[in-house]
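Biologist: I am new to this kind of picture. Could you walk me through how to read it?

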Amino acid sequence: MKSFLIIGMGTFGRHLCRCLVAQGCEVMIVDRNEKLVGEMLDYDVSAKIGDCTDIDVLKTFDVASFDACFVCIGDSFQDSLEITDLLRELGAKKIFSKADRDIQEKFLLRNGADFVIYPERDVAQRIAVSESSDSIFDCIGLSGEYSIFELQAQERWIGKTIRELNFRQRYNMSILAIKTGSVVRPLPMGDYTFSEAEHLLVLGRMQDVKKVLHD
């Protein structure tokens, strides 16, 4: 069972906590606001009230024992920087830090963050991508130019196999799974034949997806 430390019980921190608990993970939460911590105690979490800009407070958590630490501070970027730096100093295995603006990313990465999270930007991007095309149903941004897209199988693919289409080389995308309704078949083999009413989960770049949809 994986374990996680979440620092900051703002809106994003609370949602993250609930989702991790629902996945059966062990979660430790901490915030300086007693009320915010108290609101999460109905969930199966460990909790502590404290100021994590104080290294002595962070030392009480043995941060190196967690699979990942999340810095979800929303009201003070300076606190996020300090806590991220302290987590790195204390040997955290993996650090996710929340940002609200693009300019904050480089400072968080310099201070020890492994990944920077933009909750509002990422949601906006997913909505914009899915709503701007009838053939794209979802988009999950990854690092750099790459994202995971949920695409509708194109009519010209129906009845053909992945190998016949030479899919990866032709479209510069990798098929991660085939989705039919609520059923997901991961990593289909080359002899998989496309059929109607199914979606593909592909890893690729937006410019390549656009080429596919307008080919």
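Biologist: Which residue in β4 is the bridge partner of Ile-6?

Modeller: The general idea is that strands of a sheet pair through backbone hydrogen bonds, either parallel or antiparallel. Here, the bridge partner of Ile-6 in β4 is Phe-70. Strands count as paired if DSSP finds at least two bridges between them, and β1 (residues 3-7) pairs with β4 (residues 68-71) in the parallel sense over 4 bridges. Helices (H or I, at least four residues) and strands (E, at least two) are DSSP runs, numbered from the N terminus.

Biologist: Before we go on, what am I looking at?

Modeller: This is a predicted model, where local features need pLDDT of at least 70, side-chain atom pairs count only at pLDDT 80 or more, and totals for chains, interfaces and linings use all residues. Residues are numbered from 1 along each chain as its sequence is written, and side-chain values use heavy atoms, leaving out hydrogens and water.

Biologist: In what order do the strands of the open sheet run?

Modeller: Its 6 strands follow the order β3-β2-β1-β4-β5-β6, with parallel pairing. At the edges are β3 (46-49) and β6 (115-117), each of which pairs on one side only. Neighbouring strands are turned by 20° against each other on average, direction ignored. For such angles, axes are lines fitted to C-alpha atoms, for helices over the stretch in contact, and the angles run from 0 to 180 degrees between N-to-C directions.

Biologist: Which helix packs on the sheet?

Modeller: Helix α1 (residues 11-22) does, touching β1, β2 (26-31), β4, β5 (95-98) and β6. Contact means heavy atoms within 4.5 Å. The direction of α1 makes about 165° with that of β1.

Biologist: How many aromatic pairs are found in the whole structure?

Modeller: Rings of Phe, Tyr and Trp (its six-membered ring) pair if their centres lie within 6.5 Å; planes under 30 degrees apart count as stacked, over 60 as edge-to-face and the rest as tilted. The search finds 9 pairs. In one of them, the rings of Phe-70 and Phe-96 have centres 4.8 Å apart and planes at 20°, so the pair is stacked. Phe-70 lies in β4 and Phe-96 in β5, 26 residues apart.

Biologist: Is Phe-70 buried or exposed?

Modeller: Buried means under 20% relative accessible area, exposed over 50%, partly exposed in between (1.4 Å probe, protein chains only). With a relative accessible area of 8%, Phe-70 is buried.
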